[in-house]
Amino acid sequence: MSRRSWDDVPLRSKIAWVAATATAWGAAVGVATTYWHFGTLGLLLGGFAVALATMMLGRMWIAQPIEDVVVQMQRITRPERPLSTAKLPRYRKDEIGQLSRAVHQMNVQSRRDHVEANQLRRTLDKRVGDATRRATVQLSQLAMRDPMTGLGNRRFLEHYLEDLVRSCHTSRTDLVCIMMDLDNFKPINDTLGHKAGDVLIAAVGQIIKASMREQ
């Protein structure tokens, strides 16, 4: 029987073969001890040799292949260090081969999941970063605008005034500040209510914005 054919034999058949071989060797040792009168020492040495040979065969045919597959399975839990399943005996048709093919499939799926998880994390990080930047810009704009009129407030002035003064100084142009006040505004609030006063303020803000250049 070739090595490839022997690998395809089911484990239960290998175990049965090892047991049968151990039994046959034990019987042969017993017969030889009786025939050649080796005595108790010969019987003990023969039994020890049979047990050692049985253990070696069991390890070589059964235990070692299973241990190799287990080692590969343990490495699957470390997807940052992808393992190579080239050494797994996937060609075998026995239980070792079935287990090796299952481990190989688990490894492929684990690596695919790891790659997809990294891509998803990068996508989420980018989207969260973009959304955070947009929200920051919007909040900054809202913080520098009066919510009723849409005109710049004191924070708006503090933010842009220095650049505006520097620009006027560089271009040697005049910078004019105008203060406006709405006369008789309090009676409107007192007679028509604060909501009407708000409408008036918003309308005045629109008039101011319409009277100015875009910049």
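1. Averaged over the chain, the pLDDT (the predictor's confidence in each residue, from 0 to 100) is 76, and 63% of the residues score at least 70. Confidence is lowest in helix H1 (residues 3-7), with a mean of 56, and highest in helix H7 (residues 194-210), where the mean reaches 90. This is a predicted model, in which local features need a pLDDT of at least 70 and side-chain atom pairs count only at pLDDT 80 or more, whereas totals for chains, interfaces and linings use all residues. Residues are numbered from 1 along each chain as its sequence is written, and side-chain values use heavy atoms, with hydrogens and water left out.

2. The secondary structure of the chain amounts to seven helices and zero strands, where helices (H or I, at least four residues) and strands (E, at least two) are DSSP runs numbered from the N terminus. Read from the N terminus, the order of elements is α-α-α-α-α-α-α.

3. Of the 215 residues in the chain, 21% are buried; here buried means under 20% relative accessible area, exposed over 50%, and partly exposed in between, with a 1.4 Å probe and protein chains only. The accessible surface of the chain is about 16700 Å², and 62% of that surface belongs to carbon and sulfur atoms; such areas come from the Shrake-Rupley method with a 1.4 Å probe, and for residues only the protein chains shown count as cover. Contact means heavy atoms within 4.5 Å, and among contacts between residues at least 6 apart in sequence, 53% join residues at least 24 apart.

4. A search of the whole structure returns one aromatic pair. The pair consists of Phe 156 and Tyr 160, which are tilted, at 4.6 Å centre to centre and with 45° between the planes. By the criterion applied, rings of Phe, Tyr and Trp (its six-membered ring) pair if their centres lie within 6.5 Å, with planes under 30 degrees apart counted as stacked, over 60 as edge-to-face and the rest as tilted. Both residues belong to helix H5 (residues 154-171), four residues apart, or about one turn of the helix. Phe 156 counts as partly exposed because its relative accessibility is 24%, and Tyr 160 counts as partly exposed at 36%.

5. A nonpolar patch on the surface is formed by Leu 157, Leu 161, Leu 164, Val 165 and Leu 175, with about 390 Å² of accessible area together. Patches are made of residues with over 30% relative accessible area and no salt bridge, like charges being joined within 9 Å and nonpolar side chains (Val, Leu, Ile, Met, Phe, Trp, Tyr) within 5 Å; a salt bridge is a side-chain nitrogen of Lys or Arg within 4 Å of a carboxyl oxygen of Asp or Glu. Leu 175 is placed in the loop between H5 and helix H6 (185-192), and at 39% relative accessibility Leu 175 counts as partly exposed.

6. The loop between H5 and H6 also holds Arg 172 and Asn 184. Phi is near 55° in Arg 172, a positive value in a residue other than glycine, and phi of Asn 184 is likewise near 55°. Most residues other than glycine have a negative phi. Arg 172 counts as exposed at 77% relative accessibility, as does Asn 184 at 64%.

7. Phe 185 lies in helix H6 and, with 18% relative accessibility, counts as buried. Leaving aside residues up to four places away in sequence, Phe 185 touches Gly 197, Leu 200 and Ile 201. The C-alpha atoms of Phe 185 and Leu 200, which are 15 residues apart along the chain, are separated by 9.1 Å.
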